[in-house]
Amino acid sequence: MNRRLLLSAAIAALGLTAAANADVTGKVTYEGKAPLMKKINMAAVPACAAQHPQGVTEETLLVKDKAIANVVVSLKNPPAGGKPSSTPAILDQKGCQYHPHVLAVMVGQEILVKNSDPFLHNIHGLPEENEGFNFGQNNVDNGRSIANKIKTPEYFNVKCAVHPWMSARFAVFKHPYFATTAEDGTFAIKGVPDGTYDITMWHEKLGEQDAGKVTVKDGKGELNFTMKPAEEADARPIASEKVLVLSTKGLPTEPCCDDEKAAAPAVVVKK
């Protein structure tokens with residue numbers, strides 16, 4: 001019997017248990033009938049349209065069989081001591097869309113912006129609490145770090161001055177206990193210590209909603225939740241939310257970036 005087995009046997013004999021961590025798992029669904037997402041017209045930029053022969057729709061509220069994608073699930077009262085993931089958080093520009101549409105990160109984690117398209121994109125972050133960023137990537141780029149810009153928790157918008165239909169959302173935390181729902185509405189918050197925690201759900205259109213409590217015990221923790229439409233839930237959307245005009249035809253050009261000379265079509269907004 002090796003030393004590890006002997007130690008485990010000794011712990012069991014003494015009735016001792018090590019502190020347990022678990023994945024808090026669950027599924028998020030939508031109450032009522034979800035609106036249909038509008039189709040994005042990329043005709044003004046043929047290089048973008050060519051990558052989507054079947055067309056593409058907005059991603060602001062993706063619901064399938066009641067399941068909601070892109071909901072950020074987090075612990076409202078997280079345990080102390082959580083550390084940033086050693087895996088970089090990556091926002092990619094591919095097919096003239098941001099991937100993922102919602103990127104959840106922790107302060108102190110490496111955050112990279114990539115360009116997988118062989119032409120110009122612009123990444124323009126619009127935080128209110130953190131330092132803004134605005135730069136171009138003229139060609140394929142394996143990643144530019146923006147980690148030094150992200151210092152405090154908040155949700156904020158990201159847009160592209162070159163392709164005004166492009167948008168993404170950042171969710172910033174000071175702890176690692178968060179996850180984003182997949183297309184089937186499921187999520188898994190990794191490595192949560194035993195205890196009872198308040199859970200918060202955030203969605204860019206449905207705002208922030210309290211989801212109740214979850215108890216993690218003996219390596220298990222599960223919570224399912226149904227999000228309500230924003231007008232019913234008294235939800236809090238991002239303060240800087242604006243509607244973008246999805247066309248660049250006839251618009252003047254202006255510098256797209258704080259630190260580069262590349263020019264791009266101006267983005268017209270309706271406030």
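Here is a short tour of some salt bridges in this predicted model.

Before you click, note that residues are numbered from 1 along each chain as its sequence is written. Local features need pLDDT of at least 70, side-chain atom pairs count only at pLDDT 80 or more, while totals for chains, interfaces and linings use all residues, and side-chain values use heavy atoms, with hydrogens and water left out.

Side chains of opposite charge can pair when their charged atoms come close. Searching the whole structure turns up 5 salt bridges (a side-chain nitrogen of Lys or Arg within 4 Å of a carboxyl oxygen of Asp or Glu).

**Stop one.** Select Lys 76 and Asp 210, whose closest N and O atoms are 3.4 Å apart in a salt bridge. Lys 76 sits in the loop between strands E4 (72–75) and E5 (89–94), and Asp 210 in strand E17 (residues 207–216), so this pair ties together parts 134 residues apart in sequence. Strands here are DSSP runs of at least two residues, numbered from the N terminus. Buried or exposed? Both Lys 76 and Asp 210 are exposed (over 50% relative accessible area; buried is under 20%, partly exposed in between, with a 1.4 Å probe and protein chains only).

**Stop two.** Now pick Arg 169 and Glu 204, a salt bridge with closest N and O atoms 3.1 Å apart. Arg 169 is in strand E13 (residues 167–173), and Glu 204 is in the loop between E16 (195–203) and E17. Arg 169 is buried, at 4% relative accessibility, and Glu 204 is buried too, at 2%.

**Stop three.** Finally, select Asp 198 and Lys 213, which meet in a salt bridge at 2.6 Å, N to O. Asp 198 lies in strand E16 and Lys 213 in strand E17, so the pair ties together parts 15 residues apart in sequence. Asp 198 is partly exposed at 23% relative accessible area, whereas Lys 213 is exposed at 58%.

Key
Helices (H or I, at least four residues) and strands (E, at least two) are DSSP runs, numbered from the N terminus.
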